[in-house]
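This report concerns side-chain packing in a single model. Please view the sequence and the structure before reading on.

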Amino acid sequence: MNDPKQQKILILDFGGQYNQLIARRVRELGVYCEVKPYRMTIEEIRAFAPLGIIFTGGPQSVYREGSPHPVEEIFDLGVPILGICYGCQLLAHHLGGEVTEAADDTAREYGKTETSVDSTCRLFAGIPETSVTWMSHGDYMARIPEGFRLAAYSVACPNVAICDESRRFYGVQFHPEVNHTEYGREMLRNFLYTVCGAEGSWTMAGFRERAVKEIREKVGDGKVLLALSGGVDSSVAAALLAEAVGDKLTCVFVDHGLMRKNEGDEVEAAFSGRELNFVRVNAENRFLIRLAGVTDPEDKRHIIGEEFIRVFEEEAKKIGFVDFLAQGTIYPDVIESGLGDAAVIKSHHNVGGLPDYVDFREIIEPLRMLFKDEVRALGRELGLPEDFVSRQPFPGPGLGIRVIGDITKEKLDRLREADFIFRDEVAKAGLSGEMDQYFAVLTNVRSVGVQGDGRTYDYALALRSVVTQDFMTADWTRIPYDVLDRVSTRIVNEVPGISRVLYDITSKPPATVEWE
């Protein structure tokens, strides 16, 4: 949020794989932060008014031409800086040290590493002298800058961490943000509270108050149309917007024919009884016509995103002039659709999938800077029932990105039944609370099977389930074999056209949660 009184940490993104995890850790410690591209100008940084700055890791070498660097003036702001991995090497490189490629057997480290720290350095205050950290660097600091001193070392690398207490500059070659670093949370807490002087003012109650105020100021006498899917994000957005603008809000639920079994009716039943202007639009035919023959997942997302907007524009005209379109976009959506120089992992239909022209004065995304667990916390703060807040995520493009290849109604119906069986057996086994997202995917692979006395050649179905805290990283769920057996047996017997059931055991990264 844009509250000038709010304490903020600026995280400059240099392309590392753990950048968003840093943000999660900082917020978990009660301090607001935002991830910004490393190309921020000094004027933009001053305007942001950070309490402290964190340089992230990155895949490049600071001494190579074309590698990312911050503006030089950043070191003269008088603001504390913590450099992590590549960020540590940036500090050394810019302030007079020397960074070089590590020799084969010297100073190059990957994975869990026993590390010794100097607890007189404020970054490591109260931390045991020796603990395990998570390393991932092929370069190292051959010479540290003047004014710095060594603050940690390992067997392979003498320069694991550096500090300049007078300027409040700190650099670590390892990653304190990952769970593998035993005391990483404590190190980050030391930086935020001991070094930067944070007060821990980032709370959902405070966010709610600021968000409501900002939304009221922005909307004024205007009208807002919310794209309501019935999922966690849009439900929380609906509650927040309703508190802010009351009857100026209309929630439009577009049933695009890509929902799970009975889901459209369930969403209507859940919201039509509330004090909201609720509108359901049955648009299955128009979406399936637009998607006919489309196989590329990015094309699917863009088509679905554009068609959503066109439906919302039509509904807005029926309501009367609507100034604002509101969406339940959250931070991972923004990140995965490309933040700054970040690669596009997948375009979210409500971010990267939006068409170039949108017939609304402005788009409001009140949850845009929140991670999933923060959205759930906000939902509880707003008094939403737990079944809404804890509901597993469902992507806006729906089953359109869970049918691999071309989309037909027959395939969608087949997937709906299989997905329902999977969710039904998970619920019967009492495992729902142990999984953060679980679903079925109809692949475009067909394989030979035998049913009765006949040979079949039907589709393979994949099951996917993950456990995660923030959906930026996720691990596959260890579902008991007997549950998987029941699911598989029911699907191949009850759903025509499916002859084989697979279970996806890939974590994120390297995979994403969804297949497309």
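Arginine 478 places its charged end over the ring of tryptophan 476, at 3.7 Å from the ring centre. A charge sits over a ring if NZ of Lys or CZ of Arg is within 6 Å of the ring centre and within 35 degrees of the ring normal. Arginine 189 likewise lies over the face of tyrosine 193, 5.3 Å from the ring centre.

The model is predicted: local features need pLDDT of at least 70, side-chain atom pairs count only at pLDDT 80 or more, and totals for chains, interfaces and linings use all residues. Residues are numbered from 1 along each chain as its sequence is written, and side-chain values use heavy atoms, with hydrogens and water left out.

Rings of Phe, Tyr and Trp (its six-membered ring) pair if their centres lie within 6.5 Å; planes under 30 degrees apart count as stacked, over 60 as edge-to-face and the rest as tilted. The count by this rule is 13 aromatic pairs, including these two:

| Pair | Centre distance | Plane angle | Class |
|---|---|---|---|
| Phenylalanine 14 and tyrosine 38 | 5.5 Å | 20 degrees | stacked |
| Tyrosine 331 and phenylalanine 371 | 5.3 Å | 70 degrees | edge-to-face |

Phenylalanine 14 and tyrosine 38 are both buried (under 20% relative accessible area, with exposed over 50% and partly exposed in between; 1.4 Å probe, protein chains only). Tyrosine 331 and phenylalanine 371 are buried as well. One aromatic cluster consists of Phe14, Tyr38, Phe55, Phe75, Tyr86 and Phe169.

Arginine 27 is buried, with a relative accessible area of 4%. A polar atom of the arginine 27 side chain lies 2.4 Å from the backbone oxygen of methionine 369.

Notes: A polar contact is a pair of N or O atoms within 3.5 Å; within protein, one must be able to donate a hydrogen and the other to accept it, and residues adjacent in sequence count only if both atoms are side-chain atoms.
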